[in-house]
Amino acid sequence: MRVLLTGANGQVGRCVQDVFAGSIHDLKPMDRGALDITDSAAVSRAVKAVRPDIIINAAAYTAVDKAESEPERAYAINVTGSANLAEAASEIGALLIHISTDYVFDGKASIPYVEDHPTNPQCVYGRTKLQGEAEIQIRCNKHIILRTAWVFSEYGNNFLKTMLRLGQERDELGIVDDQRGCPTYARDIARAVFSICEQYSYGREELGIYHFCGNEEVSWYQFADLIFQCAFRVGSIKKVPATKPILTQDYPTPALRPAYSGMSVIRFKSSYGVVPNSLSKNIEDCLAGLGHV
Ligand SMILES: NC(=O)c1ccc[n+]([C@@H]2O[C@H](COP(=O)([O-])OP(=O)(O)OC[C@H]3O[C@@H](n4cnc5c(N)ncnc54)[C@H](OP(=O)(O)O)[C@@H]3O)[C@@H](O)[C@H]2O)c1
């Protein structure tokens, strides 16, 4: 399969490249410099030139708080960019695999969200990602939308890397304990995407929306504690900082986030057979990866 990857320099984009390395698939990674997805003519040109069987869209505007003050930019990337890719994919009959988010939900549930649970995003980022999903559903029949959550990896910026840095700078950290979600290792997302490509290459098309995220629900506070325990155990940090649970209201941010965003991965598992590794193994693997990034 010829596979075009957008957003190749992001966390998911980098992990997709790692997982595809050495496979029989011909991956054409394009970072923002090579392909700006907001430029419809450039998207059309790139897709016609590469003629991919599959397009993986890992490009997005992901700065959740900043999106509140620059909604037009978030819209251009998450909505117009998605629409451009959907149009171009549809024109050549390619499968579009698009990554979306748990922030399309309002967080009022208390059991894992399933794919057809009503959406109700609470922030600009979530709204633009949901509108991006809608553009894809309208414009491109052959699509898979993979909603994921709380992404961490050795690449880019993420909660794990922020905690490691702050944990060495400060003696005590207050961390939000009343938002719960499923931390997801970007490498697991890449394995999930790879499995979709493999199955597609055998002629299997199970399309639509899927949830794929880590299989443990934690608060940010619990996630931080796990990171520090693992990092200390493997020698990545010299001391475990003191942590204290705080409430969202004590750490106000511009964007409202769902208080609960656990997602059920049953549908993905039964269609594509991939399950995430345990959170502690993923944290350990990520810490090991950080050693050679
Ligand atoms: N991070 C999370 O916690 C999280 C949670 C749920 C869902 N997701 C979803 O997962 C996907 C991947 O996220 P990620 O964590 O890998 O994000 P990331 O590390 O921020 O990567 C996003 C990439 O998109 C690129 N990009 C931005 N605007 C672009 C444009 N106009 N044209 C082409 N590329 C552009 C960025 O380029 P630059 O490097 O040049 O900025 C960046 O490399 C996104 O769809 C995101 O919404 C993420």
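**Stop 1: helix 2 and helix 3**

Select helix 2 (40-50) and helix 3 (71-92). Their axes come within 9 Å and cross at roughly 35°. Axes here are lines fitted to C-alpha atoms, for helices over the stretch in contact, and angles run from 0 to 180 degrees between N-to-C directions. Helices (H or I, at least four residues) and strands (E, at least two) are DSSP runs, numbered from the N terminus. Helix 2 passes helix 3 in a right-handed crossing. A crossing is right-handed if the near helix is turned clockwise from the far one by less than a right angle, and left-handed if anticlockwise.

Before going on, note what you are looking at: this is a predicted model, where local features need pLDDT of at least 70 and side-chain atom pairs count only at pLDDT 80 or more, while totals for chains, interfaces and linings use all residues. Residues are numbered from 1 along each chain as its sequence is written, and side-chain values use heavy atoms, with hydrogens and water left out.

Now show the side chains at the crossing of helix 2 and helix 3. On helix 2, pick S40, V43, S44, V47 and K48; on helix 3, pick N84, L85, A88, E91 and I92. These residues make the contact, which means heavy atoms within 4.5 Å. By class, the contact of helix 2 with helix 3 has five nonpolar, three polar and two charged residues. Ala, Val, Leu, Ile, Met, Phe, Trp, Tyr, Cys and Pro count as nonpolar, Asp, Glu, Lys and Arg as charged, and the others, Gly among them, as polar.

**Stop 2: R51**

Go to R51, in the loop between helix 2 and strand 3 (54-57). Check its backbone: phi is near 45°, a positive value in a residue other than glycine. R51 is partly exposed, with a relative accessible area of 45%. Buried means under 20% relative accessible area, exposed over 50%, and partly exposed in between (1.4 Å probe, protein chains only).

**Stop 3: W150**

Select W150, in the loop between strand 5 (143-148) and strand 6 (151-152). W150 also has a positive phi, about 40°, although it is not a glycine. W150 is buried, at 8% relative accessible area.

**Stop 4: V104 and D116**

Both residues sit in the loop between strand 4 and helix 4. Is V104 buried or exposed? V104 counts as buried because its relative accessibility is 0%. Show its surroundings: leaving out residues up to four places away in sequence, V104 touches T119, N120, P121, G126, L130, E133 and R147. Now select D116. D116 is exposed, with a relative accessible area of 69%. Draw a C-alpha to C-alpha distance from D116 to I209: 8.4 Å in space, for 93 residues in sequence.

**Stop 5: helix 7 and helix 9**

Select helix 7 (residues 220-233) and helix 9 (residues 279-290), which pack at an angle of about 55° with their axes 10 Å apart. That angle makes helix 7 oblique to helix 9. Angles under 35 degrees count as roughly parallel, over 145 as roughly antiparallel, 65 to 115 as roughly perpendicular and the rest as oblique. The crossing of helix 7 over helix 9 is right-handed. From helix 7, F223, L226, I227, C230, A231 and R233 meet L279, S280, I283, E284 and L287 in helix 9. The contact of helix 7 with helix 9 divides into eight nonpolar, one polar and two charged residues.

**Stop 6: helix 5 and helix 9**

The axes of helix 5 and helix 9 come within 12 Å and cross at roughly 70°, so the two helices are roughly perpendicular to each other. This crossing is right-handed. L160, K161 and L164 of helix 5 make the contact with I283, C286, L287 and L290 of helix 9.

**Stop 7: the core**

Which residues touch the most other members of the largest nonpolar core? They are F223 and I283, in a core of 67 residues. A nonpolar core is a set of buried Ala, Val, Leu, Ile, Met, Phe, Trp, Tyr and Cys residues joined through side-chain atoms within 4.5 Å. Helix 7 gives the largest share of this core, eight residues. Finish on I283: not counting residues up to four places away in sequence, I283 touches F152, L160, F223, L226, I227 and C230.
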